[in-house]
Amino acid sequence: MSADYQKDGQIAVITLNNPPVNGLGLATRRAVVEGLNQANADADITAIIITGAGKAFSGGADITEFGTERATQEPHLLSVIRAVELSGKPVVAAIHSVCMGGGLELALGCHYRVVAPGTAVALPEVKLGLLPGAGGTQRLPRVLGLETALNIIVSGETVQSEMLAAIPGQKLFDLVAASAESLREEARAFALKIAAQRPLPLVRDLPCKHPQAEAYLQFARNMVKGMSKNFPAPAKCVDAVAASVKGKFDAGMQTERELFTQLMFTPESRALRHLFMAERAASKIADVPSDTPVREIRSVGVIGAGTMGGGIAMNFLNAGIPVTILETKQEALDRGQATIRKNYEAQVKKGKLKQEKYEERMALLTPTLSYDDLKHADLIIEAVFEELGVKEAVFKQLDAVAKPGAILASNTSTLDVDKIAAFTQRPQDVVGMHFFSPANVMKLLEVVRGKQTAKDVLATVMKLAKKIKKTAVVSGVCDGFIGNRMIEQYSRQAGFLLDEGATPQQVDKAIEKFGFAMGPFRMGDLAGNDIGWAIRKRRAVEQPGMKYSATADKLCELGRYGQKTGAGWYDYEAGKRDAIPSELVNKMIEQHRKDQGITPRKISDEEIVQRLVFSLVNEGAHILEDGIAGKSGDIDMVYLTGYGFPIHRGGPMHYAGEVGLVNVVQAMNRFAQNPHDDAAFWQPAPLLARLAAEGKSFS
C-alpha cells in the first residue's frame, strides 16, 4: 500500500501501488517523496516518471483515511506536490485509466504529462461537499482555460482524456500515447527527450486569463445558485477558481485552502462524506467474505408483467441479460410488453437511448404464459400481488420447475420471506429482492436475507445489484423490512398531525421545505392510499392495539385512492399530477376532529418535521437493535435512495447525530406527553437512549 521505485536506465519510475485505485494514503505519499529524493540523489538518473499500478493512475485521496489523523500527517498532498515541483530533475506523469481528485492534482504538479487514451479525468470533490484542496482550482484553469476548468470542478463529472486533449491551446497533456499498452515506453522516450531541458516548466507559472472573466464568473455564480441551493460547495468552487484569474498563484492557493477548510466543517459536507462511505459499506456483509463464490446469472425470469414486473425486467434488459417474463393471461402479457416498449421509446425520443440499443434490449425479452419456460433461468423474481396465498401458489410452482441452484426471489415489500421460503424444498435458494417503484428508475434494492438464505446467494445478488446499477442494502426478515417498517411510523405521525390541527398541505410543505422530495400525503396519493389501507386492516387483526388516525381509512372509504383514481388527499385534474388542495378532504378531517372531541391547535413546521423525522430515527434504532439492519449507514442508504430523504442531511440516522441524540431524546419525551399521540412509541429505543446518555451517535 505505497509506491514502488525502479531504475530503468537513466529513468527512475515511481509507481503508485495502493489498490484498488492507488489512493494517496500516508504510506503512498511518503514513498513518492522518498522516491523523488532517491532519484535526485542518483547521478545516473536524468528524469523521473510517476505512474500508477493496475487499473488507475490515481483515484485521489485514500478513503480509508477519511476522518483519521493520517489524512493530514506529513507529507500531506500539498507537500508531495511541492516536492515534485522542486525536483531538480524533470518529473513526467504517465497517466492512464483513472486520474481523479488528488491524483489529477498530483499530475498537475508534475513538469510534464503523458496520457493514455480513454483515461477518465475528474475533480469530483464537489460531490463530497468540498472543493479540490491541493491546487486543483488554481492549476486546472491555467492548463484548460477558465470555462472548461470551472465546468469540470463545479460539476465533479468525469471527462475523457481525448476530449480534453482536443481543446485548442490546452496545456494539460504534453503527449497523448497511442495506447494504454504503449504508455510506459512512450513516457520513457518522452522523458529522455526532455531530460536536459531547463528551466523546468511549472503549471503554477502559467498565466490564467479570460477576455471577460468577471462576466463569466457572475454567470457561473447565477447558474450555481439556481441549481444547488442546499449545497454550499459549488458556489465556493466558483470563488476559488475566480482567485486563479484575479491574483498570483500563492494568493489563490491561500484562498483555496481557506474555502476548503470552511467546507470541511459544513453539515452538508459531513452528510455527503457519510453517504460516500455508507454506500460503499452497504455492499459489505459482516459474515459473508468478499471472496465468497457467486452463482452465474446468465438469464432471468420475472413473474408478473405489471408495473413492478415490467420495471424489474427492464433493469436486466438494460444490463444485457435475457429475461423471460410470465403472466397468467395473454392480454396482461401484451399490456406489460407494450409498457416496456413505451418506456424505451420515450428514451429514444428524448435522445437518451439509441434505436439499435432499444431493439437489442427488446430482443432479449421473451414473453410466456408457461412456467415451464422458466426451467433454465438462473434467477427468477416473483412480482405478483402482495398476498401470502398468492405467493405460496407461485413459489410451489417455481419449486417444481426451476433448475437446481436457481435463485428464487420475491419482490415482496412487507411479507415474511421465511414463510415464502418454506413453500419450497430449497429455502437456501430463496431471498427477498424488494425493488422500489418505478423499478427501472429507483436506485434502491432491499435484499432480504431469510434465516436459511445461503451466503453465496447473498453474494450473488449483491454483485448482480451493481451490474444493474442498484444500491443494494441487506435487511433481515420483519414486517416491512427496513424502509416500510420505518415509513409506517412516519405515516402514523402524519395522521396524528391531521387529528391535532394540521392540513395535508401544511404537513407536506413543511417536510418538503426540510428537503424531502415529497411529503407523506403526496407520497400516499402517488403510491396508492389503498395499499396503506390494506396494511392497516391486517394490523387490526395482528396488532389490535396499534393506534392510527382514522382519517386515512375515511379517505379510502370515499374511494379516494390517489392519482390513479383522480382523487386522494388532494384533487387531480385529468392527465396532470399537480396536487390541488381538496375542500372535501379538509371538511372530512374537520368532522373527524369534532367526532373525536379534539380541539384543533396551531402546529409549527418545526414540530411537524421533528415528529416525522424522529419517528424514523426511533424505529431505525429498534431495527438496529433487532439486527434487521447491520449498520446505521444501511438505514440511511435506504432512505436516501428509496424514500426521498434529503441528501444534504445524510439520512435519518446521520441527521439525528447532527442534531445530537440528547436533543432527539428530549424532543421524544415531549411528544410522549401529547394525549393525541402514541406515548408508548415515543419511549426511546434502548439503543438510542444508551447512545444519548454516552454522548455518542449511531455512526
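I began with burial: 54% of the 699 residues of the protein chain count as buried (under 20% relative accessible area, with exposed over 50% and partly exposed in between; 1.4 Å probe, protein chains only). I noted that this is a predicted model, where local features need pLDDT of at least 70, side-chain atom pairs count only at pLDDT 80 or more, and totals for chains, interfaces and linings use all residues. Residues are numbered from 1 along each chain as its sequence is written, and side-chain values use heavy atoms, with hydrogens and water left out.

Next I looked up the fold. I found 28 helices and 19 strands in the protein chain (DSSP runs numbered from the N terminus: helices are H or I of at least four residues, strands E of at least two). The radius of gyration is 29 Å, close to the 27 Å of the globule rule for 699 residues, so the protein chain is as compact as a globular protein of that length (radius over C-alpha atoms; rule: 2.2 Å times the number of residues to the power 0.38). Along the principal axes, the C-alpha atoms fill a box of roughly 90 × 60 × 50 Å.

I then checked contacts (heavy atoms within 4.5 Å). Of those in the protein chain with a separation of 6 or more, 73% join residues 24 or more positions apart.

I located Asp678 in the loop between helix 27 (661-671) and helix 28 (686-693). Is Asp678 buried or exposed? Asp678 counts as buried, because its relative accessibility is 15%. Leaving out residues up to four places away in sequence, I saw that Asp678 touches Arg492 and Phe496.
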